[in-house]
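This briefing is for a reader who is meeting the structure for the first time. Please look over the sequence and the model before reading the notes that follow.

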Amino acid sequence: MGQRRLNNAFVKEIYISVKVRQLKFAYSRSYGYFLVSFFQFGVLHVKCRSAGGQRRPFAKAVRAGDFIYVSGQVPSLDGEIVTGGIVAQTEQVIANVISVLALAGCGLEHVVKVNVWLDDPRDFSSFNGVFEKYFLDNPPARSTVQSALMVDAKVEMDVIAYNPS
């Protein structure tokens, strides 16, 4: 069992060796409990429970071979959408992406594709200002569209990372 600091939150990890692979069980204040489990054909699913312990019908991330597919992240902390404008919400979304990537053994330097949904297209420039702080050195391919989002969310992002193991 270990504990490490990740995005100003402590993540507790327990590793259980299973033949050739390891299972990792981790707790993150932002997301609640995660169970990382290996399935057939080298596909890894990062599962979690949302606020209130309700199950979500999707994984936070799936590793298939050398690719990690992170589900859409919204600006939530402890199950609630963070208050503030596009800058604060983009910072939280990227923090959430970093947390999920870390559970899959990756970082932002491994991200090769980003899909972004903005609630208001007038936020595009402010969003870019935050985005470039994290991706200036290794910019991934990116698509950005305008779409109505869940209540009070101004931005959502999903990412694809490549990390040969």
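## Briefing

Over residues 1–42 pLDDT stays under 50, and for this stretch the model has 102 contacts beyond four places in sequence. The model is a predicted one. Across the chain the mean pLDDT is 76, with 66% of the residues at 70 or more. The notes below are grouped by topic.

**Confidence**

- Strand β2, residues 9–18, has the lowest confidence in the chain, at a mean of 36.
- Confidence is highest in β10, where the mean is 98.

**Overall build**

- The chain contains two helices and 12 strands.
- Along the sequence these elements follow the pattern β-β-β-β-β-β-β-β-β-α-β-α-β-β.
- The chain has 165 residues, and 39% of them count as buried.
- Among contacts in the chain with a separation of 6 or more, 56% are between residues 24 or more positions apart.

**The largest nonpolar core**

- The largest nonpolar core has 24 residues.
- Ile68, Leu101, Val111, Phe127, Met157 and Val159 are the members that touch the most other members.
- At least two residues of this core come from each of β7 (67–73), α1 (86–103), β10 (111–118), α2 (124–135) and β12 (155–162).
- Helix α1 gives the largest share of the core, six residues.
- Which residues does Val111 contact, leaving aside its neighbours within four places in sequence? They are Leu101, Phe135, Pro140, Val159, Ile160 and Ala161.

**Aromatic rings**

- The structure has four aromatic pairs.
- One of them joins Phe67 and Tyr69, whose ring centres are 6.4 Å apart. The planes of these two rings stand at 35°, so the pair counts as tilted.
- Phe67 has a relative accessibility of 33%, so this residue counts as partly exposed.
- Tyr69 is also partly exposed, and its relative accessible area is 39%.
- Phe67, Tyr69 and Tyr162 are linked into a cluster by ring pairs.
- A charged group also meets a ring: the charged end of Arg142 sits over the ring of Phe131, 4.6 Å from its centre.

**The loop between β8 and β9**

- Asp78 lies in the loop between β8 (76–77) and β9 (80–81).
- Although Asp78 is not a glycine, its phi is positive, at about 55°.
- The relative accessibility of Asp78 is 42%, so this residue counts as partly exposed.

**The loop between α2 and β11**

- Asn138 is found in the loop between α2 and β11 (141–146).
- With a relative accessible area of 46%, Asn138 is partly exposed.
- Asn138 and Glu109 are 29 residues apart in sequence, while their C-alpha atoms are 6.5 Å apart in space.

**The loop between β11 and β12**

- Leu149 is found in the loop between β11 and β12.
- Not counting residues up to four places away in sequence, Leu149 touches Trp117, Leu118, Asp119, Lys154, Val155 and Glu156.
- From C-alpha to C-alpha, Leu149 and Asp120 are 9.6 Å apart, and they are 29 residues apart in sequence.
- Val151 has its place in the loop between β11 and β12.
- Is Val151 buried or exposed? Val151 is exposed, with a relative accessible area of 68%.
- The C-alpha atoms of Val151 and Ile81 are separated by 8.4 Å, and the two residues are 70 residues apart along the chain.
- Asp152 also has its place in the loop between β11 and β12.
- Phi of Asp152 is near 70°, which is a positive value in a residue other than glycine.
- Asp152 has a relative accessibility of 59%, so this residue counts as exposed.

Methods: Residues are numbered from 1 along each chain as its sequence is written. This is a predicted model: local features need pLDDT of at least 70, side-chain atom pairs count only at pLDDT 80 or more; totals for chains, interfaces and linings use all residues. Side-chain values use heavy atoms; hydrogens and water are left out. A nonpolar core is a set of buried Ala, Val, Leu, Ile, Met, Phe, Trp, Tyr and Cys residues joined through side-chain atoms within 4.5 Å. Buried means under 20% relative accessible area, exposed over 50%, partly exposed in between (1.4 Å probe, protein chains only). Helices (H or I, at least four residues) and strands (E, at least two) are DSSP runs, numbered from the N terminus. Contact means heavy atoms within 4.5 Å. pLDDT is the predictor's confidence in each residue, from 0 to 100. Rings of Phe, Tyr and Trp (its six-membered ring) pair if their centres lie within 6.5 Å; planes under 30 degrees apart count as stacked, over 60 as edge-to-face and the rest as tilted. A charge sits over a ring if NZ of Lys or CZ of Arg is within 6 Å of the ring centre and within 35 degrees of the ring normal.
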